Amino acid sequence: MIRNSTTRRTFMGSIATALGVAGLRPSFNVFAQSREGRQVEPGVEHPEEEYDNMAKLANNENCWGPSDTVLKAMNDGFKYSNRYRYPDGGIVEAIAKHHGVKPENIILGAGSGEILKIVGEAFLIDHKKCVGVDPSYDSVYRYVTNSKADAIKVPLLKDYRMDVPGIIRATKMNYRDVGFVYICNPNNPTGNIIPKQEIKFLLDMIPGDVPVLIDEAYHHFVSSPDYATSVPYIIEGRPVIITRTFSKIAALAGMRLGYGIAPKELIERMRPFNSGGLNAVVKYGGVAALKDTAYEKKIKQMTIELREKTIKGLRAFGYEVIPSECNFFMVNVGRDVNQVADDFKKRQVLVGRKFPPMNDWLRVSVGTEPEMTKFMAAFKEMFPAGGIKHAKKEAAAS
Ligand SMILES: Cc1ncc(COP(=O)(O)O)c(C=O)c1O
């Protein structure tokens, strides 16, 4: 069973009690959260009731929520909600053990997004540049710009694979200016991987002192035998920084916990930028999530089943989809996705934003079965059978 309502009720009861003490109710919308979890002005996104009724396929979350053991652990962690210096369940040690590294190789963040931001702050001093593919996880390039630096973006290959020789070339050509290389593996938004042999080739070919940031946010969803985590390179002592998150497979996006793994020297360069702003509850949830491998397996299996069923349905309807190893995929809708996303929203379906230059490709996250059914129904209402050629003809005729 994915859901245990008693545990869920107890946990939510604890939240309500905690918020009650502070004089707030969960429905009192003090801050809304933007797509990437940044705080935005109240009311900018959807009010609670409207949001709850929508199919949420825009942000690659885990639609089934955290496991019962994680909920119980977080519930137990609430007893420290009034403390600063509290026993934290041994989260750093648990992560280090999980990866076969030392606690000194781990840095925690309020989501892996915080670590990605810190890498920009720590390694792009003096206007250094970041090299990466385009499109990729665009928040990294935004952090780079915020750090008053720049990104050298290497286009994807014609078949949407990441251009590893292109990244090597760009890094070598700009060697003096490069602060770090960014690789999202598997890549968001395309959902495909860089095979392990190509990662090795990349690390062997670029100058040995250039840090490589490898974002493994979607690691747990990959099935391809050609993929492998890059953690062993850190154990070898190479200048590799890996980020992982509890937001995806562990379903803790709203609780904010992620981490970086790297050689000690690189972690030490990053630590001064760390906010330390984690809550007690999620640390307990993280420790429990690392142990709950049965839940991970179940989520992976359900995700893949629904992803493949939806992709098959879209292809049968005539639309091109990029094969994905993640909890999302991209479909070519043949027109600007901002407008398409608005049309989906009118049908109570939230889908992904635009990822230039793939302006006609819509990113769709895997949701529950009813959510995917709702998505397919909306898709068939909005697009004609037969694919984008028919859609373009219809648009021209109207
Ligand atoms: C590739 C990638 N990296 C990092 C993140 C940040 O996730 P979080 O800050 O919730 O760990 C996301 C979020 O969607 C992502 O897609």
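Predicted model: local features only at pLDDT ≥ 70, side-chain atom pairs only at ≥ 80, totals over all residues.
Colleague: Thanks! In which sense do E4 and strand E10 pair?

Modeller: Strand E10 covers residues 258–261, and E4 covers 106–109. The two are joined over four bridges, and the sense of their pairing is antiparallel.

Colleague: Which strands stand at the edges of the sheet?

Modeller: Seven strands make up an open sheet with mixed pairing, in the order E4-E10-E9-E8-E7-E5-E6. Two of these strands have a single partner strand each, so one side of each is left without a neighbour in the sheet. Those edge strands are E4 and E6.

Colleague: What angle does the direction of H5 make with that of E10?

Modeller: H5 packs on the sheet, where it touches E4, E7, E8, E9 and E10. Relative to the direction of E10, that of H5 makes an angle of about 45°.

Colleague: Now to H6: why do its buried residues line one face of the helix?

Modeller: The buried residues of H6 (residues 138–146) are Val140, Tyr141, Tyr143 and Val144. Looking down the axis of H6, you find them on one face because they fall within an arc of 155°.

Colleague: What do those buried residues of H6 pack against?

Modeller: One partner is a helix, and the others are strands. They are H5, E5, E6 and E7.

Definitions and conventions. Residues numbered from 1 in each chain as written. Buried ≥ 20, exposed ≤ 12 C-beta atoms within 10 Å, placed from the backbone. Arc of directions from axis to C-beta. Contact = placed C-beta atoms within 7 Å. Pairing = 2+ DSSP bridges. Axes fitted to C-alpha atoms, helices over the stretch in contact; angles between N-to-C directions.
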